[in-house]
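Here is a briefing on the structure shown below.

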Protein chains: 2
Amino acid sequence: MTVNRPTIDHVRGAHARIRKYIHQTPVMSSELINRELDASLFFKCENFQKAGAFKFRGASNALLNLSSDELARGVGTHSSGNHAGALAKAAALLNVPAFIVMPDNSRAVKKKAVANYGASITYCEPTLQAREDTMERVQHETGCTFIHPYDRFDIIAGQGTAALELLSEVPDLDIVMAPVGGGGLLSGTAIYTKGFSQSIQVWAGEPTGACDAWESMKTGQLVPSVNPQTMADGLLTSLSDMTFQAISDHVDKILLCDEDNIVKAMQLIWERMKIIIEPSSAVPLGALMQNPAGYKSKKIGIILSGGNVDLAELPFTP
Amino acid sequence: MTVNRPTIDHVRGAHARIRKYIHQTPVMSSELINRELDASLFFKCENFQKAGAFKFRGASNALLNLSSDELARGVGTHSSGNHAGALAKAAALLNVPAFIVMPDNSRAVKKKAVANYGASITYCEPTLQAREDTMERVQHETGCTFIHPYDRFDIIAGQGTAALELLSEVPDLDIVMAPVGGGGLLSGTAIYTKGFSQSIQVWAGEPTGACDAWESMKTGQLVPSVNPQTMADGLLTSLSDMTFQAISDHVDKILLCDEDNIVKAMQLIWERMKIIIEPSSAVPLGALMQNPAGYKSKKIGIILSGGNVDLAELPFTP
């Protein structure tokens, strides 16, 4: 039986489809960070992506795959933040109604962004059950098409386009890294990277306090995320069957990162590269700092997933 | 009598001299900020410059102009921050001793940066008199060459190279803006811009609490800065005869910016462009927000002077 799975060609197709809507984000480096880690790091700056995160890639790819009938009824999703903002922004660009279900504990900066893009927001309790129930009700009322944040073929293919651009700019990487939450970015990254070259390793960084992907890899079974605790608010969700499959197939290693190393890595990037990244983006670098083996003198591409932070709620101390 | 003043050719010469030592920094834009101001803004990102500020341009140009005898004895300066870091970094790259006199109330991040570059630091009281006296003593002891932060021909020419790069990337600007403190950046910017095209306006932004350049322009006399009060700690110093002359000759307008508009402009750039700038860098945009006349629909280049901030001491509130 042939299983229908996203491949490098789907990522290439997504890139052709979304290219004129997205920012081709820069790849940045820091001599000082390279010296500190004794490796050459290439940061793909999705914090500069539209709506402030890589999520805009998948969202715009999903929308551009819908029929005009579907688009007329609008799109909806439940998300704690960046996927919501990305879908709202992509919908606004295509003049399509967007219906967003957000947990009421979402960060203020993300609520504000979604509202600014003109989406209709429905708040709910911060549980997966409440999110799904509320979403079902909104779908029933509006007829909108539900766009899952990561358990979709076209979302995964869209997220993989960040790795496509990274590898077209720096083709001779030894390792490509992304953070892992629901696994959409990591799946797309891994599918593209291994399709591009089997000899490039794909690693992930995951918060120790939300290490369901690490446990799933270790046990070979999808272990859901139960009561995750991390400041990396983009990485609280569980893998889906689809992302677990892609990660099992293509990811070589998941490294854990404690909260203090998330702050250290985030501060290093803010201070040395003068760019704003959110805690989730700092997890791969923090994971390398926490596990300083196996990458010395290597060329490592890291996808900085986003830059949406509340400036009044930063973790830095004197 | 021919007065010896820096011209566009000195800026071109400086650029040829320092080109391989500096970062050619990117020019960035934000659709949202453009919409908010009803103008097209092009930000020259000197926050990404080596040592985190445009000052590295002037410092490296000054050093590359010294004789090998002078270089062997080292260089020195007094500075509250970015010039100190820049001179220390340029000296380190050229393997030259650096002796830095810093007011003891300089920001921790700037003290740390200077120390990291391997310079010898001497702290003093935060007055111009104490800085000059201490510097004189250090010069006497070491034989180092004093590199004034802005009252030097080669420093001004070096700072002008940011405008050179900006105008080579976006030649059809209507207005070029820079912040003004001691006036080195503004002088170099104005000299290059007017040499490039007399039809481009040169504007400056200055904190209302440190408005000596604005007063000097108004009265036609160099008015020293007395007890300046602003969070834009790079803009506390007074003009010198040399920078006052260049500014009188070439600058069309100085706009004032209150402290609350510095914070608003800084927050807008952090949140929307996802880059870290220091308060001094936010002053031109804040000044435009405070004085919303005369620039609608114009193309405005703004030099973001630097990105050295203490992350534990930020002005943002919920």
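In strand β7 of chain A, A:Ile175, A:Met177 and A:Pro179 point one way, A:Val176 and A:Ala178 point the other way, and all are buried. Buried means that 20 or more other C-beta atoms lie within 10 Å of the residue's own; 12 or fewer means exposed, anything in between partly exposed, with C-beta atoms placed from the backbone. The model is predicted: local features need pLDDT of at least 70 and side-chain atom pairs count only at pLDDT 80 or more, while totals for chains, interfaces and linings use all residues. Residues are numbered from 1 along each chain as its sequence is written, and chains are lettered from A and ligands numbered from 1 in the order in which they are written.

**Around β7 of chain A**

- Strand β7 (residues 175-179) of chain A is mostly covered, with five of its five residues buried. Helices (H or I, at least four residues) and strands (E, at least two) are DSSP runs numbered from the N terminus.
- In a regular strand, side chains alternate between the two faces of the sheet.
- β7(A) pairs with strand β8 (residues 201-207) of chain A in the parallel sense, over five bridges. Pairing requires that DSSP finds at least two bridges between two strands.
- A:Ala178 has A:Ala204 as its bridge partner in β8(A).
- From β7(A), the chain crosses through helix α10 (residues 184-196) of chain A to β8(A), in a right-handed β-α-β crossover. Right-handed means that, with the strands pointing away from the viewer, the path from the first strand over the helix to the second runs clockwise.
- β7(A) also runs parallel to strand β10 (residues 299-304) of chain A, joined by three bridges. There, A:Met177 stands opposite A:Ile302.

**The four-stranded sheet of chain A**

- An open sheet of four strands has the order β5-β4-β3-β6 in chain A, with parallel pairing. Its edge strands, β5 (120-124) and β6 (145-146), each pair on one side only.
- Strand β3 (residues 75-78) of chain A and β6(A) pair over two bridges in the parallel sense. A:Phe146 in β6(A) is the bridge partner of A:Gly76.
- Helix α5 (residues 82-93) of chain A packs on the sheet and touches β3 and β4 (98-103) of chain A. The direction of α5 makes about 170° with that of β4(A). Axes are lines fitted to C-alpha atoms, for helices over the stretch in contact, and angles run from 0 to 180 degrees between N-to-C directions.

**Domains of chain A**

- Chain A is assigned domain 1 (8-53 + 153-304) and domain 2 (56-146). The bounds come from an automatic or database domain assignment.
- Their contact takes 21 residues from domain 1 of chain A and 17 residues from domain 2 of chain A. Residues are in contact if their C-beta atoms, placed from the backbone, lie within 7 Å.
- On the domain 1 side, α1 (8-18), α8 (153-159) and α9 (161-169) of chain A each supply at least two residues. The largest share, five residues, comes from α8(A).

- Helix α3 (residues 55-64) of chain B is largely enclosed by the rest of the structure, because nine of its 10 residues are buried. Among them are B:Phe56, B:Arg57 and B:Leu63.
- The cover over the buried residues of α3(B) includes α1 (8-18) and α5 (82-93) of chain B.
- Helix α11 (residues 212-219) of chain B has buried residues including B:Trp214 and B:Met217.
- B:Gly220 follows α11(B), and its phi is positive, near 75°.

**Between the chains**

- The contact takes 16 residues from chain B and 16 residues from chain A.

Definitions and conventions
Two residues are in contact if their C-beta atoms, placed from the backbone, lie within 7 Å.
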